[in-house]
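Please read the briefing below alongside the sequence and the three-dimensional view, which are shown first.

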Amino acid sequence: MEKIIIDTEQFQRIISRISHQIIEKHGDLQDLVIVGIKRRGAEIAEFIQKRIAELADIQLPIMALDITFYRDDLDLIYQDPIFAGADNQLNINGKKVILVDDVLFTGRTIRAALDALLDFGRASRIELVILVDRGHRELPIRADYVGKNIPTAKNEQIQVKTSHYDGTNQVVLVPAINEETT
């Protein structure tokens with residue numbers, strides 16, 4: 001039984017807060033590029049891009065990045081991987097990249113994304129936006145902007161639901177299944 005831990009209203013406030021933080025930190029947004037990790041990270045990146053456009057009257061370039069073949073666990077999780085590439089490919093040479101993902105867990109997805117970004121140039125700086133940080137890092141990776149820290153047990157799941165894929169914007173906690181009761 002899932003429990004809503006970020007409802008639609010809180011979700012929108014988090015997007016707005018992160019957008020404000022990015023604007024405040026950078027001031028001049030001319031060299032900023034937003035890169036969202038497919039799937040839900042890319043949609044969250046779009047939300048942030050739209051909110052920054054409303055607040056700062058600037059349309060930041062955006063790219064959706066598929067990291068499938070950069071993962072170090074490809075053989076463990078994908079039987080027949082499908083690589084969709086990057087949408088709206090951008091040259092990031094000398095740019096400040098705002099990398100966006102939905103959940104930060106072990107850090108391996110972010111490591112793969114950093115490897116994938118090298119194919120698009122050498123950024124002058126890369127900052128990380130995470131909607132939910134749930135802990136349990138296996139790699140020394142931390143986010144620059146965090147929507148919410150939600151400590152979890154390793155066997156629990158955090159599911160970020162977005163309007164495009166799920167019809168709603170919210171985050172739910174799925175408790176671990178007790179194997180004795182199944």
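Predicted model: local features only at pLDDT ≥ 70, side-chain atom pairs only at ≥ 80, totals over all residues.

Residues are numbered from 1 along each chain as its sequence is written, and side-chain values use heavy atoms, with hydrogens and water left out.

**Overall make-up**

- The protein chain holds five helices and eight strands, where helices (H or I, at least four residues) and strands (E, at least two) are DSSP runs numbered from the N terminus.
- Read from the N terminus, the order of these elements is β-α-β-α-β-α-β-α-β-β-β-α-β.
- Of the 182 residues in the protein chain, 47% are buried, a term that means under 20% relative accessible area, with exposed being over 50% and partly exposed in between (1.4 Å probe, protein chains only).

**Helix 1**

- Helix 1 covers residues 8-26, and its 19 residues should span 27 Å at 1.5 Å a residue, which agrees with the 27 Å between its end C-alpha atoms; the expected span is 1.5 Å times one less than the number of residues.
- The buried residues of helix 1 include Phe-11, Ile-14, Ile-18 and Ile-22.
- Ser-19, which also lies in helix 1, is buried with a relative accessible area of 0%, and it touches Ile-48, Arg-51, Ile-52 and Leu-55, not counting residues up to four places away in sequence; contact here means heavy atoms within 4.5 Å.

**Salt bridges**

- The whole structure contains 10 salt bridges, each being a side-chain nitrogen of Lys or Arg within 4 Å of a carboxyl oxygen of Asp or Glu.
- One of them joins the side chains of Arg-40 and Asp-166 at 3.1 Å, N to O; because Arg-40 lies in helix 2 (residues 40-56) and Asp-166 in helix 5 (residues 163-166), the pair ties together parts that are 126 residues apart in sequence.
- Arg-40 is buried, at 18% relative accessible area, whereas Asp-166 counts as partly exposed at 33%.
- Another salt bridge links Asp-133 with Arg-137, whose closest N and O atoms are 2.8 Å apart; Asp-133 counts as buried at 11% relative accessibility, while Arg-137 is partly exposed at 28%.
- Lys-25, Arg-125 and Glu-127 are joined in a network of salt bridges.
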